[in-house]
Amino acid sequence: MNIRLYNARILDLDASHTVRSGEVRVLDGKIAEVIYDGEIKPEDRIFDREIDCKGNLLMRGFNDAHTHSAMTFLRSLADDKPTPKWLEEDIFPHEAKLTDDDIADFQRLAIMEYVSGGIVSAMDMYLRPDVTAEVFANAGMRAVIVSGLNDFTSSLSELEVQYDRLNSCSPLISFKAGIHAEYTTSRDKLEKLSAFVHDKKTGIYCHASETESEVGGCIERYGLPPVKFLASLGLFDFGGGIYHGVHVTDEEIEILKEKEVYTVINSASNCKLASGIAPLKKLYDKGIKLAIGTDGPASNNCLDMFREMYLTAVLCKLREKDAACIDASVILDMAVKGGAGCMGLEDSGLISAGLPADIIMIDMNRPNMQPVNNIVKNLVYSGQTANIKMTMVSGRILYYNGEYDLGFDPEEVIGRCGERTNKIVSG
Ligand SMILES: [Zn+2]
């Protein structure tokens, strides 16, 4: 597929967040050429599709660095409860009833939400990695599947098989080793995973330091907070990432730095579940690698990187009581480049020839994006998913002007998701 996107503003997430006018040409999944206004155009080609961007903005899409896509069925099912009660009474019992077909449809619903919100890739941890990988690949969306190893629903031998299989199943899919969390995984299993990680020289990803009670429990069990404990077993010897990181200690921040472990900030989830505000300013000042994730639709409840960016910025300012403590450009970089880096994807943030064509178009003609005093600040502080006009992954347009091209019928999926949810909830 040979696509020309012309008459565009083009945003590069370089040091100065440059915006230039021009056109982008896409061929076979990659950006083939970027021609800025005033430059001589190469000889004309025949394009399969030409899109007049009408001055709208092209940029690399958002990379959602932590989510549980198929949890869409739990959205608004049992909110406003204390977190342990919510998990034990509502989340775990309903998840136990899920079939593979349920997971596939609930994930398709999430994919519709991702692409209509400018999300081009997701780092997904859920119950059936094989199902998840297949659904993402068939829809044409990029994903990094993370194992949620724990003592109840998965085993290390399954993880080992998935590691090989899912890292070679599709150019859109990769797989990372991960545990759900320290508190759901026995020490014995963690030690065995560490041996695997050292054998493969790969990082691990997990929920860590999300709540005070989780940290307290780990200290009670092992005398150490979670990041320090997991690092003591060698699990971060090849990097990786932690999700949430709300209650990390100064000593643990040093470990994150030394081991080059990403911290994925999940602001909406942390607010809704009253987990706390992550120490973003401290992490940023220490040079910790940072990304942003939506977390799952049960704890957020939407898969919206605009809302995450806004909350991440303003919560940082509120925590520090300093409106100047972080710039919108840092937050945008986290949502695009940081997420890609965390997931092991191309992470330059540039619209450049040779890079994967994971591009979104922002509608600059909607009132909330005008006037254009500063595009980056508009995106972070007033941007909305309604501003997404197009989402392209690997050169294929998955969403354009409100229409999906995901290899399934969106209305049918919405209908089936309602029926499946009713069955699970009433069963
Ligand atoms: Zn999570």
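Asp101, Asp102, Asp105, Phe106, Arg108, Leu109 and Met112 of helix 2 are in contact with Pro410, Val413, Ile414, Arg416, Cys417, Arg420, Thr421 and Ile424 of helix 14, where contact means heavy atoms within 4.5 Å. By class, this contact has eight nonpolar, one polar and six charged residues. Ala, Val, Leu, Ile, Met, Phe, Trp, Tyr, Cys and Pro count as nonpolar, Asp, Glu, Lys and Arg as charged, and the others, Gly among them, as polar.

The model is predicted: local features need pLDDT of at least 70, side-chain atom pairs count only at pLDDT 80 or more, and totals for chains, interfaces and linings use all residues. Residues are numbered from 1 along each chain as its sequence is written, and side-chain values use heavy atoms, with hydrogens and water left out.

### Helix pairs

Helices (H or I, at least four residues) and strands (E, at least two) are DSSP runs, numbered from the N terminus. The table gives the approach of the axes, which are lines fitted to C-alpha atoms, for helices over the stretch in contact; angles run from 0 to 180 degrees between N-to-C directions.

| Helix pair | Axes come within | Crossing angle |
|---|---|---|
| Helix 2 (residues 100–116) and helix 14 (residues 410–426) | 9 Å | roughly 130° |
| Helix 12 (residues 328–343) and helix 13 (residues 375–382) | 9 Å | roughly 70° |
| Helix 3 (residues 129–139) and helix 4 (residues 156–166) | 11 Å | roughly 15° |

Angles under 35 degrees count as roughly parallel, over 145 as roughly antiparallel, 65 to 115 as roughly perpendicular and the rest as oblique. Helix 2 passes helix 14 in a left-handed crossing; a crossing is left-handed if the near helix is turned anticlockwise from the far one by less than a right angle, and right-handed if clockwise.

The axes of helix 12 and helix 13 cross at roughly 70°, so these helices are roughly perpendicular to each other. Ala328, Ser329, Ile331 and Leu332 of helix 12 make the contact with Val376, Lys377, Leu379, Val380 and Tyr381 of helix 13. Seven nonpolar, one polar and one charged residues take part in it.

For helix 3 and helix 4, the crossing at roughly 15° makes the helices roughly parallel. Their crossing is right-handed. Pro129, Asp130 and Ala133 of helix 3 meet Gln162, Arg165 and Leu166 of helix 4, a contact with three nonpolar, one polar and two charged residues.

### The zinc site

Which residues coordinate the zinc ion? The donors come from His66 (NE2), His68 (NE2), His207 (NE2) and Asp295 (OD), at 2.1 to 2.3 Å. Along the chain, these donors follow the spacing H-x1-H-x138-H-x87-D. Histidine 68 lies in the loop between strand 6 (62–67) and helix 1 (83–95), and histidine 207 in strand 10 (residues 204–208), so the pair ties together parts that are 139 residues apart in sequence.

### Backbone positions

Most residues other than glycine have a negative phi, and most peptide bonds are trans. Lysine 54, although not a glycine, has a positive phi of about 50°; lysine 54 is in the loop between strand 4 (49–52) and strand 5 (57–60).

Asparagine 300 and asparagine 301 are joined by a cis peptide bond, with omega about 10°. Asparagine 301 is in the loop between strand 13 (290–292) and helix 11 (305–320). A cis peptide bond also joins glutamine 370 and proline 371, with omega about -10°, and proline 371 lies in the loop between strand 14 (359–362) and helix 13.

Key:
Donors = N, O, S within 2.8 Å, 3.2 Å for Na, K, Ca; no water.
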